[in-house]
Amino acid sequence: MAILQEISENLQKGYAPKVTELVKQALNNKLDPLQILNDGLINGMNIVGVKFRNNEIYVPEVLIAARAMYAGLNILRPILTQTGATYVGRVVIGTVKGDIHDIGKNLVKMMMEGAGFEVIDLGVDVSPEKFVDAVKNYKPDILGMSALLTTTMLNMKDTIEALKSENLRDKVVVMVGGAAVTESYAVEIGANGYARDSVSAVERAKELVLNYK
Amino acid sequence: MQVKNYQIEIDKYLVLKYLGYKDKVPKDILDEVGECVDESYGFIKPAICFDQLKFKFKDGILLPDESIIKVQYIVEVLKRSDYIVMAVMTLGKEIEDKISTFFARNDYMKGMIYDVIGNVGLEYMGKRFWQELAEVAKKDGIGITQSLNPGTGGWKDIKDQSIIFNNLNTSLIGVELTDAFMMKPMKSLSMVYGIGKAVKTSLVDHDCAECPLIDCPYRKEVAKCIN
Ligand code: B12
Ligand code: SF4
């Protein structure tokens with residue numbers, strides 16, 4: 001559908017006002033809001049992610065595209081909530097206990113939302129107990145933890161242990177990341193996935209959700 | 001111990017570079033970054049506290065409070081100094097709040113711009129402070145090392161942050177060290193310099209050579225880098 005293609009293209013260029021206008025127009029044309037989301041906004045963010053991965057564009061272009069994505073999402077979300085439309089998956093994310101760096105976590109959240117995940121952000125300095133409670137309450141597909149320093153990333157392990165002792169570990173996929181975190185640390189603590197940036201995080205999240213669902 | 005407030009300058013082109021722009025910057029982005037830089041002067045509150053400390057060379061760098069810097073690479077760099085200077089610098093809490101506000105509003109672009117402005121501000125401050133120390137050292141005919149930051153590059157052990165914090169009253173500039181060795185406010189840096197007759201003045205205030213993070217967007221091969 002031409003208008004969905006137009007939404008996707010304008011989103012990629014970061015034209016937020018144009019995306020707003022087109023999403024409204026698509027709704028007036030009685031297009032399915034879920035289709036507008038999937039084939040317009042998510043499609044656009046997907047292409048942005050691929051271009052970023054291939055070094056064709058840089059972080060600012062991704063952020064400007066995200067601005068346009070949120071402009072569209074702000075219109076669609078209330079409608080989608082009413083109709084009970086489902087997401088690709090649910091993610092609970094937070095920066096671990098003792099850590100207040102949230103830039104990386106925020107960027108992961110943004111890209112996950114752009115890929116159609118529902119994201120519940122617990123903020124910074126999140127204790128293992130809080131992560132466990134959130135897993136109990138929200139029943140997410142993925143639990144994401146972020147840490148900036150080698151000292152704070154140790155709390156990722158504690159959270160995984162806390163999930164185990166509450167018999168929740170096999171109920172949720174655990175993803176970890178952040179400046180000090182490495183793939184080998186993720187394996188060592190028994191996380192299911194690691195990603196070095198927000199675009200890879202989304203790719204990994206999709207794989208993991210597909211495999212575990 | 002001394003406390004100083006600083007006037008800093010934010011280079012908008014450096015902000016753009018760290019944001020990822022290589023050469024051509026779209027006009028609207030250039031304007032947006034320019035506006036953010038101008039506004040940031042209103043809520044960046046640069047302050048630094050620092051002190052000179054004598055040390056003994058015994059099992060490492062033994063300080064007057066009996067604490068010891070043991071990391072081999074740092075010991076090697078510092079051991080020929082006559083004294084060391086320890087410093088903690090910050091841009092204050094307001095910039096952190098500003099960044100969070102934009103992220104909370106899903107304005108990731110503005111959030112990132114202010115985040116990078118903070119990093120550029122700290123880089124500027126670190127460089128200025130080092131230059132001031134280097135000028136004094138030069139007048140005295142002595143040398144100064146590059147800045148050494150616990151947790152970064154050759155200084156593997158971030159827990160050594162506590163050595164700096166035990167020796168400085170950082171509450172005077174509103175900085176605290178958490179149990180996990182993280183500084184609050186976020187936009188803060190800690191460092192140590194070695195100064196003395198036997199020290200050859202470093203060409204740069206900080207060198208990324210010892211750091212394995214080769215993809216780091218802030219990496220500088222020879223010149224300035226932020227931590
Ligand atoms: C910029 C920077 C700073 C800035 C800003 C920090 C801030 N948060 O505001 C300043 C100058 C203040 C700073 C200070 C310090 N820093 Co610093 N800093 C960096 C640097 C260069 C980039 C961090 C960053 O902001 N990246 C941009 C964001 C977007 O990336 P990110 O957070 O990594 O997130 C991405 C990925 O990691 C991933 N991700 C993140 N979370 C998650 C979660 C999940 C689930 C997944 C899947 C993925 C994922 O996706 C994100 C988006 O792409 C890193 C080195 C590096 N190249 O990573 C060092 C680094 C983090 N710093 C380091 C250190 C040591 C310090 C200091 C202690 C130095 C000192 N002695 O003063 C201080 C501590 C500050 C404090 N408050 O305590 C070390 C930490 C090492 C360690 N031992 O823990 C690093 C790794 C540098 C190094 N050479 O080793 N720092
Ligand atoms: S700026 Fe980047 S490369 Fe340079 S020391 Fe810091 S983290 Fe390492």
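A polar contact is a pair of N or O atoms within 3.5 Å; within protein, one atom must be able to donate a hydrogen and the other to accept it, and residues adjacent in sequence count only if both atoms are side-chain atoms. By that criterion, a backbone N or O atom of B:M186 lies 3.0 Å from a nitrogen atom of ligand 1. The model is predicted: local features need pLDDT of at least 70, side-chain atom pairs count only at pLDDT 80 or more, and totals for chains, interfaces and linings use all residues. Residues are numbered from 1 along each chain as its sequence is written, chains are lettered from A and ligands numbered from 1 in the order in which they are written, and side-chain values use heavy atoms, with hydrogens and water left out.

Two further backbone approaches involve ligand oxygen. A polar backbone atom of B:M183 is 2.7 Å from an oxygen atom of ligand 1. For A:A179, the corresponding distance to an oxygen atom of the ligand is 3.4 Å. The shell around ligand 1 (residues with a heavy atom within 4 Å of it) holds 46 residues. The closest are A:H101, A:S146, A:T150, B:M183 and B:K187. Chains A and B both supply residues, so the site is shared between chains. By class, the shell divides into 24 nonpolar, 17 polar and 5 charged residues. Here Ala, Val, Leu, Ile, Met, Phe, Trp, Tyr, Cys and Pro count as nonpolar, Asp, Glu, Lys and Arg as charged, and the others, Gly among them, as polar. Helix α5(A) gives the most to the shell, with 5 residues. Helices (H or I, at least four residues) and strands (E, at least two) are DSSP runs, numbered from the N terminus.

A:E113 is placed in helix α5 of chain A. Its relative accessibility is 8%, so A:E113 counts as buried (buried is under 20% relative accessible area, exposed over 50%, partly exposed in between, with a 1.4 Å probe and protein chains only). The side chains of A:E113 and A:Y70 are joined by a polar contact of 2.4 Å. Leaving aside neighbours within four places in sequence, A:E113 is in contact (heavy atoms within 4.5 Å) with A:M69, A:Y70, A:R77 and A:V119.

The contact between the chains takes 24 residues from chain A and 27 from chain B. About 2,200 Å² is buried between them, and carbon and sulfur atoms give 68% of this area. Buried area is the accessible area (1.4 Å probe) that two parts lose on being put together, summed over both. In chain B, B:N106, B:Y108 and B:M182 lose the most area to chain A, together 28% of what that side buries.

Strand β2(B) spans residues 47–53; 5 of its 7 residues are buried, so the strand is largely enclosed by the rest of the structure. β1(B) and β2(B) run antiparallel, joined by 4 bridges. Within that pair, B:N5 stands opposite B:A47. β2(B) also pairs with β6(B) (residues 83–90), in the antiparallel sense over 7 bridges. There B:I48 has B:M89 as its bridge partner.

A separate description applies to β3-β4-β5 of chain B, an open sheet of 3 strands with antiparallel pairing. β3 (56–57) and β5 (68–69) stand at the edges with a single partner strand each, so one side of each is left without a neighbour in the sheet. β4(B) (residues 61–62) is joined to β5(B) by 2 bridges. B:I61 stands opposite B:I69.

Technical notes. Two strands pair if DSSP finds at least two bridges between them.
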